[in-house]
2 protein chains.
Amino acid sequence: MKLTSSEENYIKAVYHLRGDQRLVSTNELAELLATRPASVTDMLKKLRTKKLLQYERYQGFKLSAEGKKMALGIIRRHRLWESFLSEKLRFNWDQVHDVAEQLEHIRSSLLIDRLDEFLGFPRFDPHGDPIPDPQGKMQVSRHLPLDECPLLTFAIVSHVTNQSNQMLEILGHHRIAIGTKLEVRRKFHYDHSLEIRIRNQPAIVISEQVARNIHVKPV
Amino acid sequence: MKLTSSEENYIKAVYHLRGDQRLVSTNELAELLATRPASVTDMLKKLRTKKLLQYERYQGFKLSAEGKKMALGIIRRHRLWESFLSEKLRFNWDQVHDVAEQLEHIRSSLLIDRLDEFLGFPRFDPHGDPIPDPQGKMQVSRHLPLDECPLLTFAIVSHVTNQSNQMLEILGHHRIAIGTKLEVRRKFHYDHSLEIRIRNQPAIVISEQVARNIHVKPV
DNA sequence: AAAATATTTTAGATTAGCCTAAATTATATT
DNA sequence: AATATAATTTAGGCTAATCTAAAATATTTT
């Protein structure tokens, strides 16, 4: 089945709202896509006739098996392109997303499978997210937000959920990026701020708010 | 100025009809784009208001300086992607076009300039066509059809104008592809067929019709 | 130069994807 | 349970890009 770019964006967004496991609401999806609820309703009807999701008016919706497969295909393409941009074209991790967002809509299994091979079949993209294989299978990565990370354990920054400029400013200031190895030294119970250490540099303190948006993978 | 994919396709097609040098007609363009003359007229008006081409009703049209610059940008992207697909992803030269046709519409100078660099600033694509630089300049390649190639001179196949299945069948049979080095041994005046030799293999004969569609670059 | 033909444009529809405003249904509050 | 509020859908419009059929203009033929 062929989908338009717009249809693909909706399917992908539903998946990101965990629409393969739970009912998603019209407003949630509208907000994520920066569109209007009325537009979402229109598209839902179209995607329902294509059997990509189950949808009853006023009751929310979730992906069908077929829809989930589609979503994983789109995500596979997106993450492979992110890896390409990052590794081969030296994009910064905050530059990859927008371009990958466009590249992901080019459907050609020859292209994608060859790209996968060219990159050496990577299992994670530069943000630390797993890349589905051609059948949609992917490794579970046990990421966790930094504020839940055990004390005195080394971990690698794998993902940053909030990518606002303000957040990027803080990360840049502390020289925290994807792949940075760090250790949580102490937790202050008063405001839930954390003291962390990056390599042998002096320890720094970050707020709970920041810590919650930094995901790490213990090593 | 931002153009839609459709607008880009029109601009590129006008350029391919040499619309930077001469007046192009509505029907010509409609045929090349496999669309209807009425649709062409609609688009011409739009592109005229964007000052990408000069157009007087019933009088034909040609690219403005700005329009030509746009066309060269699109062609640059197309040919760089063709090079990538061919060199890095091992696409056959007849597989690259359709995918490059989609990739070319992604506008990001970071992407394109980094891709150019990654490929080592190639000056010709896998079909032997020159790749414009960021300013739109490109090398003139003195291609000529095989039937005009001087005798007993080595030349490299750089381009095939007719890419029909029948043509591909013949080329495949004789193992002629882009990059193949060959020599014209003899011209038969009776039917203008040619005897050619590829490396040390036995000489073969090809018809004038085939020879005219194979372009080569003498070395 | 008039008639016939070919080309091009206009007029009016269609589809996808979006929108606003109003109506409907569900949920929360009193 | 009735009412108020929030969420969702419907109704009706808009734009871009296409189409067909008819009208306008240009070109060719006689």
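1. Salt bridges in the whole structure. A search over all chains of the structure finds 26 salt bridges, and it should be kept in mind from the start that this is a predicted model. As a general point for a reader new to the term, side chains of opposite charge can pair when their charged atoms come close. One of the salt bridges joins A:Arg107 to A:Glu8, with the closest N and O atoms 2.5 Å apart. Because A:Arg107 lies in the loop between helix 5 and helix 6 of chain A, while A:Glu8 belongs to helix 1 (residues 5-16) of chain A, the pair ties together parts that are 99 residues apart in sequence.

2. The extent of the interface. How many residues of chain A are in contact with chain B? There are 20 residues of chain A in contact with 20 residues of chain B. The size of an interface is often given as the accessible area lost when the parts come together. Here chain A and chain B bury about 1,800 Å² between them, and 70% of this lies on carbon and sulfur atoms. Of the area that chain A buries against chain B, 28% is supplied by A:Leu89, A:Ile106 and A:Arg114, which is more than any other three residues supply.

3. Charged and polar pairs across the interface. Between chain A and chain B the rule finds 2 salt bridges, and one salt bridge is formed by B:Glu117 with A:Arg90, whose closest N and O atoms are 3.0 Å apart. The count of residue pairs in polar contact between the two chains, with both residues at pLDDT 80 or more, is 6.

4. What the chain A side is made of. Helix 4 (65-87), helix 5 (96-103) and helix 6 (109-118) of chain A are the elements that give two or more residues to the side of chain A that touches chain B. The largest share of that side, 6 residues, comes from helix 6 of chain A. Sorted by kind, the residues of the side of chain A that touches chain B divide into 12 nonpolar, 3 polar and 5 charged.

5. How the two copies are related. Chain A is superposed on chain B by a rotation of 180° with 0.1 Å of shift along its axis, and the RMSD is 0.5 Å. That is the relation of a two-fold axis. Which residue of chain A comes closest to the rotation axis? It is A:Leu103, whose C-alpha is at 3.6 Å from the axis. Since 100% of the interface residues of chain A are also interface residues in chain B, the copies meet through the same surface.

6. The sheet of chain A. In chain A, 6 strands form an open sheet in the order 3-8-4-5-6-7, with antiparallel pairing. Strand 3 (144-145) and strand 7 (204-206) of chain A stand at the edges with a single partner strand each, so one side of each is left without a neighbour in the sheet. Strand 5 (residues 181-187) and strand 6 (residues 194-198) of chain A run antiparallel and are joined by 5 bridges; A:Lys187 has A:Leu194, in strand 6 of chain A, as its bridge partner.

7. The sheet of chain B. Chain B has an open sheet of 6 strands in the order 3-8-4-5-6-7, and the pairing is antiparallel. Its edge strands are strand 3 (144-145) and strand 7 (204-206) of chain B, each pairing on one side only. Strand 4 (residues 154-160) and strand 5 (residues 181-187) of chain B pair in the antiparallel sense over 3 bridges, and B:Ile156 stands opposite B:Lys181 in strand 5 of chain B.

Definitions and conventions. Residues numbered from 1 in each chain as written. Chains lettered and ligands numbered in written order. Heavy atoms only, no water. Contact = heavy atoms within 4.5 Å. Buried area = accessible area lost by both parts, 1.4 Å probe. Salt bridge = Lys/Arg side-chain N within 4 Å of Asp/Glu carboxyl O. Polar contact = N/O pair within 3.5 Å; in protein donor to acceptor, adjacent residues only side chain to side chain. Helix = DSSP H or I, 4+ residues; strand = E, 2+ residues; numbered from the N terminus. Nonpolar A, V, L, I, M, F, W, Y, C, P; charged D, E, K, R; others polar. Least-squares fit on C-alpha atoms with pLDDT ≥ 70 in both. Pairing = 2+ DSSP bridges.
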